[in-house]
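Hi,

Here is the structure I promised to send over. Have a look at it, and then read on for what turned up.

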Amino acid sequence: MNRRSTPVNIFEQMLARYDIKTDGQKKNATHEVMQEITLAGLYRGGFFDKAAFYGGTCLRIFHELPRFCDDMHFSLIDKYENFNLESYFPSIINEFKASGRDIVITRKEKKKETTVESAFLKDDTAVYDVKFKTDKDIKIKIEVDTKS
């Protein structure tokens with residue numbers, strides 16, 4: 001018997017872990033899956049050799065606290081003169097590609113000089129079917145405190 005298998009979309013499989021009954025629950029679950037994939041990409045890129053993950057999102061993902069936060073906060077372990085958050089973008093993008101999704105990461109321009117590097121991670125919905133169109137407003141913010 002020759003059966004054709006359906007291509008596996010890891011992103012959708014990860015979403016299937018959640019009991020989604022409302023649009024709000026779907027949005028929150030999508031945020032969390034995006035955060036998990038982002039963490040995997042950062043890990044594969046060697047980011048955690050230089051930085052630590054902390055804050056509300058960390059507490060929810062690793063300690064299952066019942067709270068929601070769409071920001072991801074990191075702090076450098078040591079001072080790195082030439083630290084560049086953008087050098088980790090390819091590993092994040094590749095991780096999303098492997099999960100079946102394409103994303104766009106853009107640098108948020110600062111209005112004033114601070115020690116925090118920021119970027120917004122957003123779904124690039126132009127690549128997807130209409131069913132992902134609602135995800136275009138979903139974004140997570142990555143912040144790295146560069147002052148150790």
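Counting contacts (heavy atoms within 4.5 Å) in the protein between residues at least 6 apart in sequence, 59% link residues at least 24 apart. Please keep in mind that this is a predicted model, where local features need pLDDT of at least 70 and side-chain atom pairs count only at pLDDT 80 or more, while totals for chains, interfaces and linings use all residues. Residues are numbered from 1 along each chain as its sequence is written, and side-chain values use heavy atoms, with hydrogens and water left out.

The protein has four helices and five strands (DSSP runs of H or I, at least four residues, and of E, at least two, numbered from the N terminus). From the N terminus on, their order is α-α-β-α-β-α-β-β-β. Of its 148 residues, 40% are buried (under 20% relative accessible area with a 1.4 Å probe, protein chains only).

Leaving aside residues up to four places away in sequence, Phe47 touches Leu42, Phe74, Phe83, Leu85, Tyr88 and Val144.

As for α2, this helix has 22 residues and spans 32 Å from first C-alpha to last, close to the 32 Å expected at 1.5 Å a residue (1.5 Å times one less than the number of residues). Just after α2, Gly46 has a positive phi of about 85 degrees.

Best wishes

Methods:
Buried means under 20% relative accessible area, exposed over 50%, partly exposed in between (1.4 Å probe, protein chains only).
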